[in-house]
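Subject: Structure for you to look at

Dear colleague,

I am handing over the structure we spoke about, and I would ask you to open it beside this email while you read.

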Amino acid sequence: MRITRALAAAGLAAALLIGAAHTPRAAAGELPGGTRFFNSPDSLVNTWVAAHPGDSRQPRIASRIASRPQALWFSRYSPATVTEDVRKVTSAASASGQTPVLVTYQIPNRDCGGASAGGAPDLASYDAWVRGFAAGLGSGPVVVILEPDSIALISCLSSSELSDRYASLARAATTIHSANPNARVYFDAGHSAWNSASVQASRLRSAGVLTSGDGIYSNVSNFRRTADEVAFAKRVLAQFGGASGLTAVIDTSRNGNGPAPDNTWCDPHGRKVGENPTADTGDPAIDAYLWIKPPGELDGCAGAAGTFSPDYAYELAG
C-alpha cells in the first residue's frame, strides 16, 4: 500500500460526477459481536507450520500467528477454478460454524503496476471472475474485502478508466450480494496517512459504497495504529451522514508497533502483530479488527508479493 496523495484532476471530477445520485442500500445486518472468524488449515502459515515441526521458529509462529484467523486472498487469476476454490473455504467455514474473511484481488491495473501487479486482463474478464467467485460463497455469513488499493490508489488511471473501475466495483459488490445475501462487502478506504477522509469518501461514493456496500476497510497491508485508523474510518463514515448504515473494519495484523519511522510500507523491519481478530470491538461503528494481510506474507520487497517468509513471520510474532 503506497503512501501517496496523487490524484488526477480529471479523476476527481469523474468521481464527483458518478457519486452524485447515490442513495443508501439496506445493509445485510450487523456483524454480531460473537462472530468467530475462520482459520483455514490451508493458509500459507498453517501449511508452513505443519511442514516444519522441527524448525526453531515454528513454536513462536504457530502460537502467535498460525493460531489466529486470517483472511484468504484470491489473488491468482484462475477463472476456471475460482468457484470451487471459494466453495472449499466457505464450506469448511460453515461446517465449523465460523465466518471466513475473503479478499478479492483481481481488479485490472491493480497496485498501478507495482509489486503486486496483476489481476484480470480487463474489466469484462474481471466481471466474469467475480461471478465465479460469488458462485462459491454459499449462503452462510462471509466477509468480503473488495479489492485492496482499488479506490485509494488510482493515480495510474485515466478519467474513463477510473469511471469504468468504479462501475465495476459496484457491480462486483452487487453480484456478491445477489449470490449470498448474508455476505458483507467492505470497500477500500486506504488508511489514515494516505488520502484525506473527504477525498476518500468522494471516491467511495463514486464506487457505489452507498448502494452496493456494507462498509469500508482501513489499513490493509499497512502498519498504522488502531486508534488512528478507527478515528480515520469514523471521519470517512461521517462524510456519508448518519443514515448510511455503513460501518468499518480495521486491519490490525501488523500494527502492533505502529508504522516504521520512515513510513516504509514494504516489508519494514521492527514491526509486530497487532490486536487479535475480533468482532467484539465495543464500538458500533467498527465491525471488527481483522488480520487481513496475513503476517509473514511479503509485500514484495523482501521477496515476491504474497509469498510466506518464516523469518518475517518470526520477527512480527516476537
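Predicted model: local features only at pLDDT ≥ 70, side-chain atom pairs only at ≥ 80, totals over all residues.

Residues are numbered from 1 along each chain as its sequence is written, and side-chain values use heavy atoms, with hydrogens and water left out.

A search of the whole structure finds nine salt bridges (a side-chain nitrogen of Lys or Arg within 4 Å of a carboxyl oxygen of Asp or Glu). One of them joins D311 to R57, with the closest N and O atoms 2.6 Å apart. Because D311 lies in helix 10 and R57 in the loop between helix 2 and helix 3, this pair ties together parts that are 254 residues apart in sequence (helices are DSSP runs of H or I with at least four residues, strands runs of E with at least two, numbered from the N terminus).

Another salt bridge links D299 and K293, at 3.6 Å between the closest N and O atoms, and both residues are buried (under 20% relative accessible area, with exposed over 50% and partly exposed in between, using a 1.4 Å probe and protein chains only). By contrast, D311 is exposed, at 52%.

The search also finds one cavity of 30 Å³ or more (on a 1 Å grid over the protein atoms alone, a set of points where a 1.4 Å probe fits but cannot get out, with lining residues having an atom within 4 Å of a point). Its lining includes F37, F38 and W291.

Best wishes

Conventions
1 Å grid on protein atoms, 1.4 Å probe; cavity = no way out; pocket = protein on both sides within 12 Å on 5 of 7 lines; lining within 4 Å. Points joined across faces, edges and corners; volume = space filled by probe spheres on them.
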